[in-house]
Amino acid sequence: MAATKQIVMSGIRPTGFLHLGNYFGAIRNYVKMQEQFNCYFMVADLHSLTTHPDTKELRENVERVLAENIACGLDPDKVALYCQSHVHETAELYLYLNMLAYKGELEKTATFKDKVRLNPENVNAGLLTYPVLQTADILLHRAKYVPVGKDQEQHLEMARTFAHRFNHRYCETFPEPVAYNNNEDLVKVPSLDGSGKMSKSENQMATLYLADEDDVIRKKVMKAKTDNGPTEMNSAKPDYIENIFGLMKLVCAADVIAKYESDFNNCTIRYGDLKKQLGEDMVHFIAPIREKINSILPDKKYLQQVMEQGAAKANKSAGETMQLVREAMGLKYF
Ligand code: TRP
């Protein structure tokens with residue numbers, strides 16, 4: 001059975017502290033996919049070396065991202081949940097693919113240009129070939145679908161280019177991977193300050209983390225931007241109010257939302273009450289995930305076992321692919 005399932009691969013940066021935007025924008029999708037596909041979900045610890053050569057906090061970050069993803073419902077028995085650095089074949093495929101990647105096209109990559117601008121004193125070759133390493137991650141499992149956000153589309157296009165070039169130069173070995181987005185399932189989660197979406201780098205008070213304590217969640221929600229309410233029946237909602245209703249849709253019951261919609265339309269809405277309700281529903285949603293994270297994190301034995309189990313699955317698939325790759329390239333002399 002397993003062999004007939006389509007192969008899915010994605011990488012998760014070990015930056016830790018996932019927020020509600022990560023949950024509804026990515027992880028929830030991964031959790032659904034684990035039932036229908038043969039999934040490889042990888043913690044991209046090697047990629048982080050391109051910008052963070054100091055590895056003091058790496059282990060902690062890797063453990064946190066594993067614990068957070070498991071707490072959200074990723075099941076290490078159903079998927080291969082593994083660390084990039086445990087799959088040594090990655091380095092080998094990365095080397096071969098580097099011969100097929102041209103300096104000019106790598107220099108044109110938007111993420112590369114951004115990183116050069118932000119950090120002009122550390123423009124290392126690993127940074128330049130970041131998309132090649134990402135391609136190696138994907139092609140190692142001959143994955144067809146890659147669930148990623150918009151910001152990764154260019155990297156995916158490069159992965160297709162490198163796969164195509166390899167197939168053309170040697171012989172048909174890799175499927176050309178495509179971004180997989182179940183659009184209706186991917187929800188943009190608005191930030192609490194009424195501007196943009198929730199993200200790590202923006203205002204911390206406007207982002208709800210899966211690790212936030214109950215009173216922090218309540219406090220952040222109560223601080224969300226509102227006003228005195230509409231003065232005309234059935235008026236259009238300002239963006240920041242629309243955002244609050246957007247957040248309610250994620251965690252509140254339908255009848256609760258309907259009540260506040262009608263209160264808004266007939267100008268009787270009390271935003272204090274609405275935010276109290278939203279705060280409680282957010283707590284109700286986030287608390288069980290946070291508790292799960294906190295129960296997994298100290299269990300180093302369990303985390304190690306997850307990593308070993310994931311590495312075994314990923315190594316098996318990578319080993320099979322590399323046999324094909326060496327054969328295709330004529331690198332098997334005996
Ligand atoms: N570059 C991706 C990011 O920044 C992480 C990543 C690494 C990845 N390897 C991957 C994503 C392979 C998809 C497939 O989020």
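**The ligand and the pockets around it**

The ligand takes up the space of the largest pocket, where a molecule counts as sitting in a pocket if more than half of its atoms lie within 2 Å of the grid points. A pocket here is an open set of points, on a 1 Å grid over the protein atoms alone, where a 1.4 Å probe fits and protein stands on both sides within 12 Å along at least five of seven lines, and its lining residues have an atom within 4 Å of a point. This is a predicted model, in which local features need pLDDT of at least 70 and side-chain atom pairs count only at pLDDT 80 or more, while totals for chains, interfaces and linings use all residues. Residues are numbered from 1 along each chain as its sequence is written, and side-chain values use heavy atoms, with hydrogens and water left out.

Around the ligand stand 14 residues, of which Arg13, Tyr130, Gln134, Asp137 and Gln152 come nearest; a residue is near a molecule if one of its heavy atoms lies within 4 Å of it. A polar side-chain atom of Arg13 is 2.9 Å from an oxygen atom of the ligand, and an N or O atom in the side chain of Asp137 is 2.7 Å from a ligand nitrogen atom. For Gln152, a polar side-chain atom lies 3.1 Å from a nitrogen atom of the ligand. On its own the ligand has 360 Å² of accessible area, and the protein covers 94% of this, with areas taken from the Shrake-Rupley method with a 1.4 Å probe.

Strand E1 (7–12) and helix H8 (130–139) are the elements that give two or more residues to the shell around the ligand, and H8 supplies the largest share, four residues. Helices (H or I, at least four residues) and strands (E, at least two) are DSSP runs, numbered from the N terminus.

The largest pocket has a volume of about 1400 Å³, a volume being the space filled by probe spheres set on grid points that are joined across faces, edges and corners. Among its 42 lining residues, Arg13, Asn22, Ala26, Gly149 and Asp151 are the closest to its centre. Helix H1 (20–36) gives two or more residues to this lining, as do E1 and H8, and the largest share, seven residues, comes from H1.

The second largest pocket holds about 750 Å³ of space, and its 26 lining residues include Arg13, Thr15, Thr51, His52 and Lys115, which lie nearest its centre. H6 gives the most to this lining, with four residues.

Technical notes:
A polar contact is a pair of N or O atoms within 3.5 Å; within protein, one must be able to donate a hydrogen and the other to accept it, and residues adjacent in sequence count only if both atoms are side-chain atoms.
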